[in-house]
Amino acid sequence: MKLNQWHLLMVFVLLHRVTGINVTLNNGGFENVIIAINPGIPEDTKIIDNIKDMVQEASSYLFSATQQRFYFKSVKIIIPLTWTPKPEYKRVTTESYDKAHVIVADPFLKYGDDPYTLQYGGCGEPGRYVHFTSNFLTNDSMHDVYGPRGKVLVHEWAHLRWGVFDEYNNDAPFYTTGVNQAEATRCSAAITGQYIFRLNTGATRKCKFEYRTQLYEPGCQFIPDKTQTSSASIMYMQSVSSVTQFCNKNSHNIKATNMQNKQCNFRSTWEVITDSSDYASSSPINSPPSAPAISLLQTHDRVVCLVLDVSGSMASYNRINRLKQAAELFLLQIIEMGSWVGIVTFHSIALRQTGLRQITNDAVRESLKNNLPTTASGGTNICAGVREGFQVFLEKYTSTEGCEIVLLTDGEDSGVRSCFAEVQWSGSIIHTIALGPSAAKELEMLADMTGGLKFSATDSLDSNGLIDAFSRISSGSGDISQQSIQLESKGETIKRLAWLDGTVSIDNTVGNDTFFVVTWSIANYPPGILITSPKGKKYTQANFEIDSTNVRTARLKIPGTAEAGDWTYSVQNTHSTEQVLSITVTSRAASASVPPVTVKPYMNRDDNNYPNPIVIYAEVSQGFLPVVGANVTATVESQSGKSVELELFDDGSGADIMKFDGIYSRYFTAFTENGRYSIKVRVQGKDNIVRRVRRQSHALYVPGYVENGVIKLNAPKPEPSEDDIQANLRSFSRTTSGGSFVMTGVPPGIPPDVFPPSKITDLEVELNEDDVFLLSWTAPGNDYDSGKAERYEIKTSNNPLELRDATFNSATSLNTSGLTPEVAGAKQSFIYKPEEFPKENGTSIYFAIRAIDDSNNVGEASNIARAVLLFASLPPTPGSTNTPSPNSTNVTNVPNVPEKNDEILNQVTIIVIIVCASIIVICAIISITICCLHKKKPRHHETDKKVDKGKLPNFGRKAVVVQRVGRVATPGSRENRSPQESEGEQQRQRIREIIMAPSDTDTFPGFSDCEMGDGEDELVKRVLRIDARLEFRCKGRLSRAVMWPSSTSGSGSGGSSSGGLEEEPMQLGVQ
């Protein structure tokens, strides 16, 4: 019966979600899109005007790009309280900055104007929000690098709404298409352009090709043609005027090494969009849509009413005392200064304890605290409490719109639905806290229909769940500097005279209004308390304040800004029996100009049906910069008090879609019962381990365009320095509630094993010179990313589409009999040597893997990894260039590549082979001659020292490549050289073939116009002083010089030395 009740309630919740919270789709028009301006943005009406223009442009562009299916119908712009009120600014209702779909906020660091969408989930899953900066919206020069703002909004909207990914890749900007051939990562491949390298002087040169990697050199940029014929794709480069479509099945580039191919298994962006529920519920619209309706809303002072259950059931399990402890913490530490607060209690009837009072100082907080309830009796009438809360608002305001109710109850109430209509039309937000296992099932519906937060707390005191819930209910205005941040929350059952110990790291981004709060469950006197600051200052229970009306709470406020560092605490149970001790630490930002490190937990869904897993996310960031390297754990507690702890990871495997993006993720499947589950997230960052990083996914910064054959570059993309990114990030602690979710369909007793291993998302493959493939990945678990799988299946194909789930079984299998899965999270590899190996250059071979557990639950097929067969090619000849000829006819004006037909290439190849063979024969003859002469003629002891064949001298730190250059035989060259000169040639040959690091250089007279024969363009005026001859190019001509040996001390120029070549230099021979 309870199971059916939960099912019916969840259906009812879905039917009663109201506008203003989620975007709704109405006949192809997106309604209630919220764009919110951060309160830290200085007032500038140009931002509002440009948002309006951007939305109107985006609506038309989206309509065309989606084949006349979608457009923007209504948009709400939230204006900060700090801006001047105007008659056209209406009052916000359930909308807020924290729930906006698009936010306008300045970056923490300078040079962060890239638009981006924060994405947690995989392919097809919606994102969290789109982020634009005020500079992006007001600086028209941004058009050159990102394109029109409306087109950028459509690009980001596709991320946010449909869960597609970028079709470029800043980390892998090129991919190999064949031997000595590479292309820019893009979609479609029909986008044409040039490959250039920008020098520090601002000039450009053609990109060089690296034969080792078979890619263009690092720093090479693809410059698109201004005029294109291709209409795709918006997810690659929406800035190009001809681009009006998403890549579809026909235009999609499956070879591109981008996130769209990796996350969506080579499906095009349009294929993902057409698989969405939006597309399924829409149809083409025959006529152009009307312009979007744009309304302007302004935030106001925060107005909150606590509506607290004091029915008879609250007297059990010490609930009423726990309510007072948690609500007191909310009033004294959490609610922001300047807010208005009222208090209502209810049982069978509702009673107003106090009307709205504005928090202007600590005295007001203390006065409000004295109105909290201490006794419980009577029945439960939730609607009576909610209605009385509305009346509290109406005493001061003409409307209840935008006001907040914090509703706590532990009881069931069959009449809750009677006030749903009033709640829905009130415009108020209701945050719900379900205390105990019997709280009304309709609470979640009240929160969902008003956009409120949902929490649950059990009767287990160890979790400190009720205090955590109240601590999380902070303002959604976006002003993080005023919000309370919970640093520590810990509770345990402690035996008599035992201790609750721990450490909390207070970093320098917080420290104002820092409180240590200790609570206990039984004794009427405080436990022993010792708090020690980083510098050794001690605080005992004598320094704590204990309220006479709440004898089981002690509170310490640190004056000023708390010292940064590790604070230790020790709390001793001095009671005669065991009791629960807990400690909570809260603080606020140390400076309004430096955002604190924050933790934002989320779930992939808040109502779930077995056996679907819950994915828990925790975003750790500072001012929009991801924070990586932290230790993040989540504790999931069922309504009966059973808890499971699991570590969240940011390693790009399992539930985590992107490595090192500051979003830590994990699957949860340990469901033991139906009902509510609460989540608590703890984060610990350690100095020298935790660090900030650049955001990886953002709109493409276009470096320039080719217009009528002329390259016109944009200014280089400004980037913050690494020192700025890493500055002042020290050890920190954070603890926060992740809210609650409701579970249905869990079978009674011990549930069967129905959870498969998770999808492997980081499969990679490398092909070595021995035609051996090396596959590597992170091991999944038995149940998603926990435990250990039973076995693997690996498939290969020349067509990546065959390796998707639907056709995985029909692909060619590899023999994995010797491959044993490791525990989830371990790195694994597999070597595959094919018996029949294709020998065609440029052939792509694809691999995929999936895991199977011991109950034959089969995991999804992995991401598809690609290897390209590339066989060794002849190195470039002296007269050749170092850029490959592209295979694609779509890329024009590729630098450094003279066009030659196959016949000429074959002739050149034959000539090169003949020349190389001749040189080998000549070298053999010379070697034999040298050996004979050495036997007949004794050598002077000073010229007898040679470079050991197995040991070469150390020439310092900076690596310089010295390579051979071709020349003709002249007097003084190899054919006419003395035995001593041949020795020098042997030394020179060895030095040319290694990477040398010059530690001792000297200016060589007469070589001011010379350069070393290493293929570089810059002039070399200083030459190596080593025991060999080196060759130089002087004004385009090849010359040769004898170098004097260095002395043992490393000083001196010419002259005698111990060992080396003859001291008298040979006359330079200009070739």
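Start by selecting Lys717 and Glu719 and showing their side chains: the two meet in a salt bridge, at 3.8 Å from N to O. Lys717 counts as partly exposed, at 25% relative accessibility, and Glu719 is partly exposed too, with 39%. Keep in mind as you look around that this is a predicted model.

Next, pick Asp362, Arg365, Asp513, Lys557 and Arg588 together; salt bridges with shared partners join them into one network. The structure holds 37 salt bridges, so let's stop at a couple of others.

Select Glu336 and Arg302. Their closest N and O atoms sit 2.8 Å apart in a salt bridge. Which parts of the chain does this pair tie together? Glu336 is in the loop between α10 and β19 (340-346), while Arg302 is in the loop between β17 (293-298) and β18, so the link is between parts 34 residues apart in sequence. Both Glu336 and Arg302 are buried.

Now move to Arg352 and Glu395, where another salt bridge has an N to O distance of 2.2 Å. Arg352 belongs to strand β20 (residues 350-358) and Glu395 to the loop between α12 (382-394) and β21 (404-409), so this pair ties together parts that are 43 residues apart in sequence. Colour by accessibility here: Arg352 is partly exposed at 31%, whereas Glu395 is exposed at 57%.

Time to go inside. Nonpolar side chains tend to be buried together in soluble globular proteins. For the largest nonpolar core, of 73 residues, select Phe30, Ile37, Ile51, Phe72, Phe132, Trp157 and Phe246, the residues with the most contacts inside it. Then highlight α2, which supplies the largest share of this core, 9 residues.

Zoom in on Phe72. Beyond its neighbours within four places in sequence, what does Phe72 touch? Its contacts are Phe30, Val33, Val55, Ala58, Ser59, Leu62, Leu153, Trp157 and Pro292. For a second, separate core of 50 residues, select Ile78, Val599, Met743 and Phe755, which are among its members.

Now for some backbone geometry. Show the peptide bond from Cys187 to Ser188: it is cis, with omega near 5°. Ser188 is in the loop between β11 (181-184) and β12 (193-198). Then jump to Tyr610 and Pro611, also joined by a cis peptide bond, here with omega about 10°. You'll find Pro611 in the loop between β34 (607-609) and β35 (614-622).

Two phi angles deserve a click as well. Gln68 is not a glycine, yet its phi is positive, about 65°. Look for Gln68 in the loop between α2 (45-65) and β4 (71-72), where it counts as partly exposed at 37% relative accessibility. Tyr317, another non-glycine, has a positive phi of about 55°. Its loop runs between β18 (303-309) and α10 (319-334). Is Tyr317 buried or exposed? At 57% relative accessibility, Tyr317 counts as exposed.

Finish by zooming out to the whole protein in cartoon view. There are 18 helices and 58 strands, and 54% of the 1071 residues count as buried. Among contacts with a separation of 6 or more, 75% come from residues 24 or more positions apart.

Definitions and conventions. Residues numbered from 1 in each chain as written. Predicted model: local features only at pLDDT ≥ 70, side-chain atom pairs only at ≥ 80, totals over all residues. Heavy atoms only, no water. Helix = DSSP H or I, 4+ residues; strand = E, 2+ residues; numbered from the N terminus. Buried < 20%, exposed > 50% of the residue type's maximum accessible area, 1.4 Å probe, protein only. Contact = heavy atoms within 4.5 Å. Core = buried A, V, L, I, M, F, W, Y, C linked by side-chain atoms within 4.5 Å. Salt bridge = Lys/Arg side-chain N within 4 Å of Asp/Glu carboxyl O.
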